[in-house]
Amino acid sequence: MKQAFPKSVHENTSIDTPPFLVMHSQCTWTCSEMLKVKPPTLSSYSSTLLSLSKHCHLNIPTSIQTKRATSYPTLMATLSGVSTQKDAVSQQNVSTQNSNRPVQVAQRLEKFKTTIFTQMSMLAIKHGAINLGQGFPNFDGPDFVKEAAIQAIRDGKNQYARGFGIPEFNAAIAARFKKDSGLVVDPEKEVTVTSGCTEAIAATILGLINPGDEVILFAPFYDSYEATLSMAGAKIKCITLRPPDFAIPINELKSAISKNTRAILMNTPHNPTGKMFTREELDVIASLCIENDVLVFSDEVYDKLAFEMDHISIASLPGMYERTVTMNSLGKTFSLTGWKIGWAIAPPHLTWGVRQAHSYLTFATSTPMQWAASAALNAPDSYYVELKKDYMAKKAILVEGLNAVGFKVFPSSGTYFVVVDHTPFGLETDIAFCEYLIKEVGVVAIPTSVFYLNPEEGKNLVRFTFCKDEGTLRSAVERMKEKLKRK
């Protein structure tokens, strides 16, 4: 039986229902008929509306038009301004004026621009440059993981997952964590699946940090740290790691911790430097945190890309699990960065805050991808052995090439990044050098000044990534050898 339409839109519609959804629900046109309609010109507005009224039972109240005019300017211009050409022109003028307004953003995010990764990737495309900037592989992840995702989709695992993760994936995360750290955790109470590690970071900060809380960062740092802490209203203190070894200045760290310090946010292996925190450094951090009742938020997404020493989770140190949130993801280890599958591991009293924030950020993470991620984490040890071997070969190509070109290359013990000093080539800042490198040489690097609270501290350094196939790495090195000259 054909459904009877209500006499007016607002009888069965919330005041917040977008008009275009209402129009769609009331429309009797078929899809093929809709596709035949061309966008109206100014001279054809009246006839278009007449045709539309034959098929759509519309009576949109003024209250909805007024409330939604800002949110849906094009639609409202069409629906409320079609009666005369004069009205249409007037509405067009208003739209033009609106388009010239300055962009709007909350004060807590005013200082943050388009991410440097987006900017550099766009320039790479524009200039046909080889992208050794943004840290995503140009090769695909393992077939057995992709096939598991396809199978999950075919098996109908396509609806919302349980908010904190499907049981199978939570169990796989707990099993991997036990194998890596020796810690036994409850997958139901201490593991939270998130949409990538970036969301794990956000959920942890927003769920456990109050406005005014002090949080200590080690600069340079992944750019989402500062932005998310700003959204939480935190007070940021920064400890700078300096080349050549980027060691933690212990006395500086001791001086930075105060009665107002709520947490230390750390990353090992460390992006962008490739540094791995030593056991001695981790012991000092642990001692200070226990002494001053400070939490640790530990980003460990590169834990399987540790080349010159074993990765240590700070949660595994005595007295630290109860005050640590350990964050990780699938993307780096399995070359599936676009899947955005991450997790946070923490004791129940900290997991509560993480899950509260997660519930109102994304609520749940892609269901079929969680099933596939379960298969990934059950990979044999041989997978990780081959992964490390492959990346060490890639690293050797890039490091040897950068040295040959004339950069001062700093040691990288983990991650798939290398930081270099660009100053031998005569440009004053990292941003100026990276722009020159893209436009004149055809290679992309990332300026590191964006990873510091004080950009001056990073102006001499740029970051390259070696998560590319060997041919791409060799081509980039050859371009730099040919076109980049020391000054």
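**E10 and its neighbours**

I started with the pairing of E10 and strand E13 (residues 461–465), which is antiparallel and runs over five bridges. This is a predicted model, so I read everything below as computed. I picked out two of the facing residues: Asp421 has Leu461 as its bridge partner in E13, and Val418 stands opposite Phe464.

Next I looked up what sits on E10's other flank. Strand E9 (residues 408–409) is joined to E10 by two bridges, again antiparallel. There, Val409 has Val420 of E10 as its bridge partner.

**Is E10 buried or exposed?**

I checked E10 (residues 417–421) residue by residue. Five of its five residues are buried, so the strand is largely enclosed by the rest of the structure. I also noted which way they point: Phe417, Val419 and Asp421 go one way, Val418 and Val420 the other, and all are buried. Asp421 is the charged one I flagged here: it is buried and it is also the residue that pairs with Leu461 in E13.

**The chain as a whole**

I stepped back for the overall numbers. I get 19 helices and 13 strands. Of the 487 residues in the chain, 51% are buried. Among contacts with a separation of 6 or more, 75% are between residues 24 or more positions apart. The chain exposes about 23,500 Å², and carbon and sulfur atoms supply 53% of that.

**The largest pocket**

Last, I went to the largest pocket, which holds about 1,100 Å³ of space. It is lined by 45 residues, and the closest to its centre are Thr115, Phe117, Tyr222, Asp223 and Ser224. I listed the elements that give two or more residues to the lining: helices H7 (116–127), H10 (196–208), H11 (223–232), H14 (331–334) and H18 (430–441).

Which element gives the largest share of the lining? I found that H7 does, with six residues.

I sorted the lining by class too, and noted 21 nonpolar, 15 polar and nine charged residues.

Key:
Residues numbered from 1 in each chain as written. Predicted model: local features only at pLDDT ≥ 70, side-chain atom pairs only at ≥ 80, totals over all residues. Heavy atoms only, no water. Helix = DSSP H or I, 4+ residues; strand = E, 2+ residues; numbered from the N terminus. Buried < 20%, exposed > 50% of the residue type's maximum accessible area, 1.4 Å probe, protein only. Contact = heavy atoms within 4.5 Å. Areas by Shrake-Rupley, 256 points an atom, 1.4 Å probe, with all protein chains shown as cover. 1 Å grid on protein atoms, 1.4 Å probe; cavity = no way out; pocket = protein on both sides within 12 Å on 5 of 7 lines; lining within 4 Å. Points joined across faces, edges and corners; volume = space filled by probe spheres on them. Nonpolar A, V, L, I, M, F, W, Y, C, P; charged D, E, K, R; others polar. Pairing = 2+ DSSP bridges.
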